[in-house]
Structure formats: C-alpha cells, structure tokens
Amino acid sequence: MRLPAYCRNLGISSLATMPPTAPLRLVRDDFSATPELDTAVSRALLLRASNGEIGETFRLHTPGNVVAFGKRDTLEPGYGDAVEISRRNGFAPIERLAGGRAAVFTQSTLAFAWTIPDEDPRSHIYDRFRTLADVVVDAFRRLGVASSIGEIRGEYCPGDYSVNHAGQIKLMGVGQRLARHAAHVGGVIVVDDSAGLRDILTDIYTALGLAWEPATAGALTDVDPTITMEAAAAAIVAELATRRATVPASIDRETVALASTLTEDHVPS
C-alpha cells in the first residue's frame with residue numbers, strides 16, 4: 001500500500017471517533033501578509049499540541065497567493081524554475097508541512113488547518129481524513145453543492161480524500177502531518193476563480209514535469225456562481241458545530257513566537 005503524502009492523504013483521529021474533553025477551538029486568524037509565517041504557525045500549533053501545551057484547534061482563514069510545494073517537488077529538476085514562476089506571477093513559494101505535489105492557495109480559497117492532540121496519532125490516520133472530508137461534503141451540501149469524496153483522474157495534487165463535484169472538478173484537497181503526540185490535517189477549499197488557479201498550476205506543473213488535466217481544477221462558483229467566501233466559511237463553521245461544541249479562539253503569542261523561529265524552514269533556498 002502506498003503511503004499518502006500531503007495531498008495523497010494520511011488519516012487523523014476523528015471528530016466522530018475521539019471523545020472530546022474540551023470544546024474545539026475555532027480560530028479565524030490569518031497571517032496572509034507573511035506566507036512563510038502562516039505556514040509556520042500551523043507547524044507551531046502541531047508541535048505545541050504534541051507537547052500538551054494547547055488543545056484541539058481548527059483554523060479556517062483566507063490565505064494570500066501562495067504556491068505550496070511538497071518535498072517531492074523540491075527534488076524535481078525543474079523545481080527552481082517553478083519557484084521563479086511562482087514569484088513572477090505574484091505567488092509566494094512555500095515549502096509546506098508535508099509531502100505531495102504543488103497546490104495553490106489564493107484570496108479566493110479557504111485554507112484550513114486542524115490540529116489534534118493524540119497519544120497515538122498514527123493509529124487514527126484514515127479516520128481523521130474521512131471525518132474532515134465528511135465535514136466538507138456536508139458543508140457543501142448546505143451551500144446546495146453536491147459533492148463526493150475521491151480522486152479524479154488527472155487532478156492536481158491527487159488524493160484519495162479529495163472532494164469533487166460530479167466526478168469532474170476537484171473542490172477540496174487535504175493532507176496530513178504527524179508529530180509524536182498530535183496530528184495536523186490541512187488543505188484548501190477553492191471557492192472562486194478556478195481560471196486563475198488553472199493558469200498558475202499549468203505553468204508550475206509544466207516546470208515540474210508533472211502531467212495533469214487542467215479541466216479538473218474547479219471552484220464552488222463553477223457550480224453556483226452566487227456562492228461567496230463568507231458563505232463557504234460559514235457553512236464549514238456550522239457543520240463543525242453540529243459535531244462538536246466549538247469556542248472562538250486566537251493564536252496566542254507563544255505560538256507566534258515559536259512560528260517565527262520556524263519560518264526559514266518553509267522558504268525555498
């Protein structure tokens with residue numbers, strides 16, 4: 001069995017299978033002005049959760065324009081060219097938390113990062129993936145968008161727990177990273193501007209020498225043009241609340257301070 005990478009999906013402990021001992025902390029803070037810090041905050045949350053310093057946290061925010069490269073991308077001969085293409089097109093190149101292939105975040109997407117303390121995180125990998133994908137499918141249903149879980153042939157950053165519409169367009173991608181006693185499930189929901197997504201992905205994947213089918217890159221507004229970023233975010237928050245008690249929270253100073261020491265790890269050399 002092939003092991004899933006960032007976009008190939010590892011699983012995590014589940015909202016449904018792990019009895020909560022405290023409300024799920026719901027964070028809307030973003031650090032989009034400093035993309036490398038934005039990524040490092042997710043890593044800092046994972047490390048602090050693993051050390052027992054913070055509780056389960058679900059962060060949902062609008063990022064800036066970012067191309068997030070996986071470890072496998074950095075080994076490709078065309079990686080340097082892909083990084084320069086990103087910069088020339090106004091996208092910050094970032095080396096993300098886990099492996100897989102290049103994914104794109106824009107101001108028309110929602111980024112999510114679910115941090116889960118777990119004494120044995122490897123045992124719940126696929127439970128977590130399934131639970132997150134189920135949350136997204138049910139949230140899309142609230143928006144009137146039918147969707148299903150599974151990889152579309154030719155999709156960018158392929159994964160078994162991607163969410164698609166009608167088996168034709170990918171709407172959500174997800175990946176996971178484990179620490180000793182915690183897990184991070186993170187990814188992207190494309191709300192609008194699928195044309196812009198396809199444009200930058202085409203150039204990046206060409207540079208990396210990766211085959212894919214651009215027509216599979218879609219957005220919620222391709223299904224219903226009236227859907228807004230605010231409505232999509234509200235649907236995710238509402239769906240989480242049906243499964244768990246949630247409480248508003250913010251990223252604390254200690255997490256930001258730790259993240260600031262990790263930023264250089266996520267900037268391409």
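Let me begin with D203, which is partly exposed, with a relative accessible area of 35%. The model under discussion is a predicted one. D203 belongs to helix α5, residues 194–208. Together with D192, D193, D199 and D222, D203 forms a negative surface patch.

I turn now to the salt bridges.

The side chains of D38 and R59 meet at 2.6 Å, N to O. Since D38 lies in helix α1 and R59 in strand β2, this pair ties together parts that are 21 residues apart in sequence. Are the two partners buried or exposed? D38 counts as buried at 10% relative accessibility, and R59 is buried as well, at 0%.

The second salt bridge joins E56 and R244, with the closest N and O atoms 3.1 Å apart. Here distant parts of the chain are linked: E56 sits in the loop between α1 and β2, R244 sits in the loop between α7 and β11, and the separation is 188 residues. E56 has a relative accessibility of 16% and therefore counts as buried, the limit being under 20%. R244 is buried at 7%.

The third is local. E239 and R243 both lie in helix α7, four residues apart, about one turn of the helix. Their closest N and O atoms are 2.5 Å apart. E239 is buried, at 8% relative accessible area, whereas R243 is partly exposed, at 29%. Both residues also take part in a network of salt bridges with D138, R141 and R142.

Next, the aromatic residues. How many aromatic pairs does the structure hold? There are six. In one of them, F58 and F112 are stacked, at 6.4 Å centre to centre with 15 degrees between the planes. F58 lies in strand β2, residues 57–61, and F112 in strand β6, residues 109–117, so the pair ties together parts that are 54 residues apart in sequence. F58 is buried at 2% relative accessibility, and F112 is buried at 4%. Another pair, Y205 and W212, is tilted: the centres are 5.5 Å apart and the planes make an angle of 50 degrees. Y205 counts as buried at 2%, and W212 is buried at 15%. Ring pairs also link F58, F112 and W114 into a cluster.

Finally, a contact across the sequence. S42, in helix α1, residues 35–50, counts as buried at 8% relative accessibility. S42 and A259 are 217 residues apart in sequence, yet their C-alpha atoms are 8.0 Å apart in space.

Conventions:
Residues are numbered from 1 along each chain as its sequence is written. This is a predicted model: local features need pLDDT of at least 70, side-chain atom pairs count only at pLDDT 80 or more; totals for chains, interfaces and linings use all residues. Side-chain values use heavy atoms; hydrogens and water are left out. Patches are made of residues with over 30% relative accessible area and no salt bridge: like charges are joined within 9 Å, nonpolar side chains (Val, Leu, Ile, Met, Phe, Trp, Tyr) within 5 Å. Accessible areas come from the Shrake-Rupley method with a 1.4 Å probe; for residues, only the protein chains shown count as cover. A salt bridge is a side-chain nitrogen of Lys or Arg within 4 Å of a carboxyl oxygen of Asp or Glu. Lys and Arg count as positive and Asp and Glu as negative; His and the chain ends are not counted. The place of a charge is taken as NZ of Lys, CZ of Arg, CG of Asp or CD of Glu. Helices (H or I, at least four residues) and strands (E, at least two) are DSSP runs, numbered from the N terminus. Buried means under 20% relative accessible area, exposed over 50%, partly exposed in between (1.4 Å probe, protein chains only). Rings of Phe, Tyr and Trp (its six-membered ring) pair if their centres lie within 6.5 Å; planes under 30 degrees apart count as stacked, over 60 as edge-to-face and the rest as tilted.
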